[in-house]
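Here are some notes for a colleague who is opening this entry without having seen it before. They are set out as numbered points, to be read with the sequence and the coordinates side by side.

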Amino acid sequence: MQYEIGNKLKRLNSMLSEVDNIYQSLLKAHDVSEGEYVVMFAINELGEGCSQKDISENVYASKKTINSTIKKFEKDGILELKPAKYPSMQIFLTDEGKKFMKDNIVPILKLENAVLDDVPENEFE
């Protein structure tokens, strides 16, 4: 059985695909994986000292992706984990992590903001 997809849904899927392609190009240009971007985006938004749980509640990514990215970043010296209220750990950027944020994540955030500044407010309603 096949269900007919409406034109609005087709257009939405097309637009989402276009946006995803743009993001993939941006991430590739900055040598950043999607998981790395999501985690750094969340740390930028939530502030240092946030937990993995905070990140998973505020971004669209699987807990597995977030966990593996945090472990990779810790191994690479991008961030460090400090004990908080058990069993939680707080996440802090190292000096290398701050440089990574400045060089690779902030340019993408600035571009996103510049693009969205051109979108009329009523488009977000």
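**Notes on helix packing and salt bridges**

1. Glu36 is a buried residue, its relative accessible area being 8%, and the cut-off for that term is under 20%. This value, like the others in these notes, comes from a predicted model. The side chain of Glu36 meets that of Lys72 in a salt bridge, with 3.1 Å from N to O. Since Glu36 belongs to helix H2 and Lys72 to helix H4, the pair ties together parts that are 36 residues apart in sequence.

2. On the H2 side the contact is made by Gly35, Glu36, Val39 and Met40, while H4 contributes Thr65, Ile66, Thr69, Ile70, Lys72 and Phe73. Sorted by class, the residues of this contact are five nonpolar, three polar and two charged.

3. H2 also packs against helix H5, which covers residues 95-117, at an angle of about 90° and with the axes 10 Å apart. At that angle H2 is roughly perpendicular to H5, because the range for this term is 65 to 115 degrees. From H2 the contact takes in Glu36, Tyr37, Met40, Phe41, Ile43 and Asn44, and from H5 it takes in Gly97, Phe100, Met101, Ile105, Ile108, Leu109 and Glu112. The contact of H2 with H5 has nine nonpolar residues, along with two polar and two charged ones. Glu36 and Met40 are listed in this contact, and both are also listed in the contact of H2 with H4.

4. Elsewhere, salt bridges that share partners join Glu36, Lys72 and Asp76 into one network.

5. How many salt bridges does the structure hold? The count is six, and one of them links Arg11 to Glu18, whose closest N and O atoms are 3.8 Å apart. Arg11 has a relative accessible area of 46% and is partly exposed, as is Glu18 with 42%.

6. Helix H1 runs over residues 7-29, and its 23 residues reach 33 Å from the first C-alpha to the last, close to the 33 Å expected at 1.5 Å a residue. Just after H1 comes Asp31, which is found in the loop between H1 and H2. The phi of Asp31 is near 55°, a positive value in a residue other than glycine, and a reader checking the backbone may wish to look at this position. Is Asp31 buried or exposed? At 67% relative accessibility it counts as exposed, because the cut-off for that class is over 50%.

Key: Residues are numbered from 1 along each chain as its sequence is written. This is a predicted model: local features need pLDDT of at least 70, side-chain atom pairs count only at pLDDT 80 or more; totals for chains, interfaces and linings use all residues. Side-chain values use heavy atoms; hydrogens and water are left out. Contact means heavy atoms within 4.5 Å. Helices (H or I, at least four residues) and strands (E, at least two) are DSSP runs, numbered from the N terminus. Ala, Val, Leu, Ile, Met, Phe, Trp, Tyr, Cys and Pro count as nonpolar, Asp, Glu, Lys and Arg as charged, and the others, Gly among them, as polar. The expected span of a helix is 1.5 Å times one less than its number of residues. Axes are lines fitted to C-alpha atoms, for helices over the stretch in contact, and angles run from 0 to 180 degrees between N-to-C directions. Angles under 35 degrees count as roughly parallel, over 145 as roughly antiparallel, 65 to 115 as roughly perpendicular and the rest as oblique. Buried means under 20% relative accessible area, exposed over 50%, partly exposed in between (1.4 Å probe, protein chains only). A salt bridge is a side-chain nitrogen of Lys or Arg within 4 Å of a carboxyl oxygen of Asp or Glu.
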